[in-house]
Amino acid sequence: MRKLAFFIPFALFIGLSVFLFSGLFSNPMERESSVIDKPLPAFALPDLQQPEKIWTPDSVKGKPFLLNVWGTWCVTCNAELAYLTELREQGVMIVGLYYQQPVDAAFGEVFNLAALQQEVALKLEQQGNPYQWNILDKDRTLIFDLGVTGAPETFLVDAQGIIRQHHIGDINPQVWQQKLAAAYQSLQE
Amino acid sequence: MKYFFLSLLFLISAAQATQVLIEFKSPEQQALFKELTHELRCPKCQNQNIADSNAVVAVDMRNKTLELVQQGQDKAQVLEYMKSRYGDFVHYQPPLNKFTLILWLLPALMVVGLMVLLLVRRKAQGKAVVSEAADQAQMQSEPELEQQLDQLIEQYRRKS
């Protein structure tokens, strides 16, 4: 009985310590995605550089690809452009989904497509262009339907237009190797 | 210093002037919008609801909530809309499922466990008291010891 009375608080203490200690190494930004294994939500959005061209789920699918949510305003997205370009050179198909931040009318801001096109073209020229094409989501409707919390985020979409992976944060060699490469390869076959 | 505070005052009033007033069809819709924006959680921020946060995603969620409420959707419908996109994470009241069952079970288990422990201890203590009393009774029943004690006392008395 004495032994038990000593052991129970001790076991509780050890259990609590292990629980809290492992919490130190968990990622608080990790989210469970609710779009995995679901088809791309319905959308009809213009191409960023050729706005008369409208992209829909049917016109984007056909080959497995990465759908990369990004913006020129997003520092981390700029940082991953170089590696994504490397992946493109290795034959990975990457489509950009441009995350337009809301314009603040109170500060006299207006959305200027020509200026944005120029900015994007310049950025991609400087940092490398990983994208086959860019879809402009001006009002973030597709971005909202995909459950995107911010930029950069990347979706792995298979040839049938089904979302297979959802990665929050940048893509670097480590993330690609550990999380996405194998899944992308298996979709190729 | 006075001018600094004065200019601060003007700054604040300017900031308040840019707040948008939302018009609702009914006080019920207004109450529902308020309730929802307080219960929905910003997926980008660390522990803020969407009423509290001005992150882009929180503003978008707020606008969407307003749109759905004004369309006449009820609370469950709006929550379902948000959860289907941002997951259970987005609602501050987690549903009861196999992952969250432990949250409900653990407190009950702890109460039961503590009660069992308390009962076991009380029983053990009761036994200890009884056996101690029995020991004492045994001691007193031995006249030899008392005789020895008497002898010892007698010896000391003689010495002094």
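1. Two residues are taken to be in contact if their C-beta atoms, placed from the backbone, lie within 7 Å. By that criterion, 15 residues of chain A are in contact with 16 residues of chain B. The chain A side comprises five nonpolar, six polar and four charged residues (Ala, Val, Leu, Ile, Met, Phe, Trp, Tyr, Cys and Pro count as nonpolar, Asp, Glu, Lys and Arg as charged, and the others, Gly among them, as polar).

2. This is a predicted model, in which local features need pLDDT of at least 70 and side-chain atom pairs count only at pLDDT 80 or more, while totals for chains, interfaces and linings use all residues. Residues are numbered from 1 along each chain as its sequence is written, and chains are lettered from A and ligands numbered from 1 in the order in which they are written.

3. A nonpolar core is a set of buried Ala, Val, Leu, Ile, Met, Phe, Trp, Tyr and Cys residues joined through C-beta atoms within 7 Å; buried denotes 20 or more other C-beta atoms within 10 Å of a residue's own, exposed 12 or fewer, and partly exposed in between. The largest such core has 33 residues, and A:Tyr98 is among those with the most contacts inside it. A second, separate core of 14 residues includes B:Leu40 and B:Val69.

4. Leaving aside neighbours within four places in sequence, the contacts of A:Tyr98 include A:Leu48, A:Trp70 and A:Ile135.

5. The peptide bond from A:Ala151 to A:Pro152 is cis, with omega near -5°.

6. A:Asp37 is exposed, with 10 other C-beta atoms within 10 Å.
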